[in-house]
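Please examine the sequence and the model shown below.

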Amino acid sequence: MGLRIHFVVDPHGWCCMGLIVFVWLYNIILIPKIVLFPHYEEGHIPGILIIIFYSIAIFCLVALVRASITDPGRLPENPKIPHGEREFWELCNKCNLMRPKRSHHCSRCGHCVRRMDHHCPWINNCVGEDNHWLFLQLCFYTELLTCYALMFSFCHYYYFLPLKKHNLDLFVFRHELAIMRLAAFMGITMFVGITGLFYTQLIGIITDTTSIEKMSNCCEEVSRPRKPWQQTFSEVFGTRWKILWFIPFRQRQPLRVPYHFANHV
């Protein structure tokens, strides 16, 4: 399956995503300048901690960009229904096109998405079958990066040895306290928000239920076969190799599973 680039024309989504990029840039530029590099130069921390910080930041950015521009599973105007699977398709009452069950019509994007979870303004895209795994990686690495930045901010004031104040003429050092307070406020806000979102996403995958299905209560738990959590996660990430669940650079391939087992509701 080739990579299909998908752009959503939505000014509101652009603003939300721009805010996320601003927070990312704010922390990726100022935290190393104020905390990491000065303490590394004075021998308080090893260089591997800086490498880990930038590695997490790069993984976070790649997951954000790919989740935003990857086609979430948009259905074509004339989908080809495989023979023997027609009973698992239904007619959308909004666009009058056939779609697999567990698909949903996104009113903001104006089309149906396979196994749509929700429309996320923070990535300016729907979260569906083909980019759900990237959205999960984005939540994970955002949480990790936020914790990492908050930990170093705390250690900078309460654990590390005081720095020898040089470059006092630079703006970032003259306004260090205000910059770090703002970074801490954004970090705590992001951490609380992402923790709740990430938790609901994990529970949804474990129970094999999308956010839309939870809100509409359309899932009949008795009639749908239960699957182990390894299977549900493997279907979302497109591989049973757990180490690959954390790599945002790869290409996802859908697993071969029985159609009724994967799509029946």
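In this predicted model, the cysteine sulfur closest to that of Cys 120 belongs to Cys 139, and the 7.6 Å between the two is too far for a bond. Cys 120 is buried, because its relative accessible area of 4% falls under the 20% limit. For Cys 60, too, the closest cysteine sulfur is in Cys 139, here at 9.6 Å, so this pair is likewise too far apart for a bond. Cys 60 has a relative accessibility of 7% and therefore counts as buried. A disulfide would require two cysteine sulfur atoms within 2.5 Å, and the count comes to zero.

Cys 60 is one of the buried residues of α2, which also include Ile 50, Phe 53, Ile 56, Leu 64 and Arg 66. Among the elements that cover the buried residues of this helix are α1, β6 and α3. The length of α2 can be checked as well: its 23 residues should span 33 Å at 1.5 Å a residue, and the 34 Å between its end C-alpha atoms agrees with this.

Helix α2 also contributes at least two residues to the lining of the second largest pocket, as do α1, α3 and α5. The largest share, nine residues, comes from α5. This pocket holds about 570 Å³ of space and is lined by 27 residues, with Ile 20, Val 23, Thr 142, Met 190 and Ile 194 nearest its centre.

Technical notes. Residues are numbered from 1 along each chain as its sequence is written. This is a predicted model: local features need pLDDT of at least 70, side-chain atom pairs count only at pLDDT 80 or more; totals for chains, interfaces and linings use all residues. Side-chain values use heavy atoms; hydrogens and water are left out. On a 1 Å grid over the protein atoms alone, a cavity is a set of points where a 1.4 Å probe fits but cannot get out, and a pocket is an open set with protein on both sides within 12 Å along at least five of seven lines; lining residues have an atom within 4 Å of a point. Grid points are joined across faces, edges and corners, and a volume is the space filled by probe spheres set on the points. Helices (H or I, at least four residues) and strands (E, at least two) are DSSP runs, numbered from the N terminus. The expected span of a helix is 1.5 Å times one less than its number of residues. Buried means under 20% relative accessible area, exposed over 50%, partly exposed in between (1.4 Å probe, protein chains only). Contact means heavy atoms within 4.5 Å.
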